[in-house]
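Dear colleague,

My notes follow directly after it.

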Amino acid sequence: MRIAWLELRRRPSRFVTATAILALLATLLMLLGGLLDGLLSGSTSAVAAQRGDLLVFSSTAEKSFVRSRIPPVQRATVAQVPGVAEVGGIGVAQLAARVPGKGPRDLADVALFGYELAPKGVPSPPGPGEAYADSSLERKGVRTGVTIEVGPARTPVKIVGTVNGLSYSDQGTLWSSADTWRMTINANLPEAGVGPGVFQALVVRVDPGADATAVAGRIDRATGGATESLTVSNAVDAIPGVSQQRSTFNQIIGVTVVIAVVVVALFFALLTVERTVLYGVLKALGATSGTLFGGVVLQGVVVTAIATAVGAGIALLLAAVIPPGTIPYTLLASRVLSSSLFLLFAAIFGCVFSLRRVLRIDPASAIGGGQ
Amino acid sequence: MTTVGQEQEQEQPTRPALEMVGVRKVYKMGDEEVVALDHATLMIGADEVVALLGPSGSGKTTLCSIAGGLLAPTAGSVVVGGQDITGYNAKRLAKFRQETVGFVFQSVNLVPFLTARENLLVVDQLGRRTGKAARDRADQLLEELGLADRRDNLPSQLSGGQRQRVAIGRSLMNEPLLVLFDEPTSALDTELGEQVMELIRTEMKSRGTAAVVVTHDERIVHYTDRTMHIVDGVLHA
Ligand SMILES: Nc1ncnc2c1ncn2[C@@H]1O[C@H](COP(=O)(O)OP(=O)(O)O)[C@@H](O)[C@H]1O
Ligand SMILES: [Mg+2]
């Protein structure tokens, strides 16, 4: 182990190539993860932020807000279901808004939510005709104090505060009371026809300790199959494009990890071949295969750790340099951590390919060499 | 002291360093079998320095490898300093090599990125891990071998003779009962070879350590207590 460590310090040049390639792979891994998280956050963060266990849609709506309608009677039924602690209505209208001081063609795309139960990071519903705006809309001039005109009917909505990191379908969100939302959607999309007390979906909190999936089943039975209840994370996955994006990116990430395994495996297999004589001598002096393999793993882990740190540094730098609103790139600490763990796995797993070769080296090969 | 007392005092050190009885080694290469060593029976005293002389391919390296626990014999028994290693598995043999024997290989094979001193300390790291005691021992050995001012040099910065001396130091680090030298002078010129042999003899005799020096060079026998000849895998004492 100590010998392996000294080799790293005395002959760093031997490890530069592998470290550089792995650093590129680490960067790629975190970049891909950051893009995926950025894309996902753009289309799902408003739904993911719902402070509830279940979302209830009409069963005919195919898990989409636009097609879903929950009338007050159904809501009352849901509220009665054992295990349901709290129910709040929610609805969204995707519209373009005019911003004062901006040209008539320079519209801000907004997703106006009407809500009852405040999602994470959102205060309780504001007064009539008012809304909180996501900070991503500031680029478009939508900021606190401004009154924007939403949709073709130019429904005035006054911005009374800001929220952060909440988008839906890549649009910045507005958060208003249920009545403001109903008024806005009916004025601008008359065919939507949202009657009094009607919502698109319900956010349901279950009793502490209750099994959310079991409650979901009970809700759907209680409504006679008129509703489809899903967990918030399933509702996020049901947003169009989300699962496709996720699986595409995860495949690329998986391939990148496999490439990292191959790089480590090839590099250390080559090093092990080069060290056959040295390992023979060390075995003759009493080193076990375990000690020698431990040295290989140590070097693999150190090289990969340095590469991972470099990759994380580059990924963080990119996060700082990319102007907000251009490329959807969100570098989460959890993504850096999971990428690092993948690379650590690649380092150890890659080294395992050298184990057989280390085991096979015969200590007797050390003596009387050169005959 | 009486004669009896003297005999008792001598009891411990006179336990032979190496005893081989009926040792046979057969290498299998596909269908072909090579008998490298046959019916080898020998005994080497606790402080004896013995030359093993024979032509190339006669089985010298094979004998050394078996004596040092690098190879398992096909038949026969091997006892080193009273320890019967005949049936040892790979792991016990590794421990045995760590603790009991020293090797100097034909091609010197120092660790290229470690200094002379660190090359000696490798033995301690792989074995007993005594730390300070090992560092003192390494310094003392380097001093004895005339390498005190070379201790922080890498092998590439040393001459052939100096490297051979580092290898000798390494073989003595674990205070072995028996040191096996496989053609220690074959890569050196005559003068250097004689110096190294002189050094081997001095080091062994001052410690009372037994040694087998493998060679095909007749001149080496002047530095040893006794010579064993080997031809085609058969020993002639
Ligand atoms: N690993 C091996 N596999 C097959 N044959 C071997 C092996 N090592 C040595 N031999 C054969 O055994 C015989 C003795 O070899 P060796 O002990 O190396 O002789 P020496 O050291 O005296 O030159 C030779 O014929 C050699 O070819
Ligand atoms: Mg030989």
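Leu344(A) is partly exposed in this predicted model, with a relative accessible area of 35%. That value lies between the 20% limit for buried residues and the 50% limit for exposed ones. Leu344(A) belongs to helix α10 of chain A, which covers residues 333-360. Together with Leu337(A), Leu341(A), Ile348(A) and Val352(A), Leu344(A) makes a nonpolar surface patch of about 430 Å².

Two residues of chain A deserve a remark on their backbone. Most residues other than glycine have a negative phi. Lys63(A), however, has a positive phi near 60 degrees. Lys63(A) sits in the loop between β1 (54-58) and α3 (72-80) of chain A, and is partly exposed with a relative accessible area of 36%. Ser169(A) likewise is not a glycine and has a positive phi, of about 50 degrees. The loop that holds Ser169(A) runs between β7 (167-168) and β8 (171-176) of chain A. Ser169(A) is partly exposed, at a relative accessible area of 33%.

The axes of α4 (residues 116-126) and α6 (residues 160-172) of chain B come within 8 Å and cross at roughly 25 degrees. Angles under 35 degrees count as roughly parallel, and α4(B) and α6(B) are therefore roughly parallel to each other. The crossing in which α4(B) passes α6(B) is right-handed.

Yours sincerely

Terms used: Residues numbered from 1 in each chain as written. Chains lettered and ligands numbered in written order. Predicted model: local features only at pLDDT ≥ 70, side-chain atom pairs only at ≥ 80, totals over all residues. Heavy atoms only, no water. Patch = residues over 30% accessible without salt bridge, like charges linked within 9 Å, V, L, I, M, F, W, Y side chains within 5 Å. Areas by Shrake-Rupley, 256 points an atom, 1.4 Å probe, with all protein chains shown as cover. Salt bridge = Lys/Arg side-chain N within 4 Å of Asp/Glu carboxyl O. Helix = DSSP H or I, 4+ residues; strand = E, 2+ residues; numbered from the N terminus. Buried < 20%, exposed > 50% of the residue type's maximum accessible area, 1.4 Å probe, protein only. Axes fitted to C-alpha atoms, helices over the stretch in contact; angles between N-to-C directions. Parallel < 35°, antiparallel > 145°, perpendicular 65-115°, else oblique. Left-handed = near helix turned anticlockwise from the far one by under 90°.
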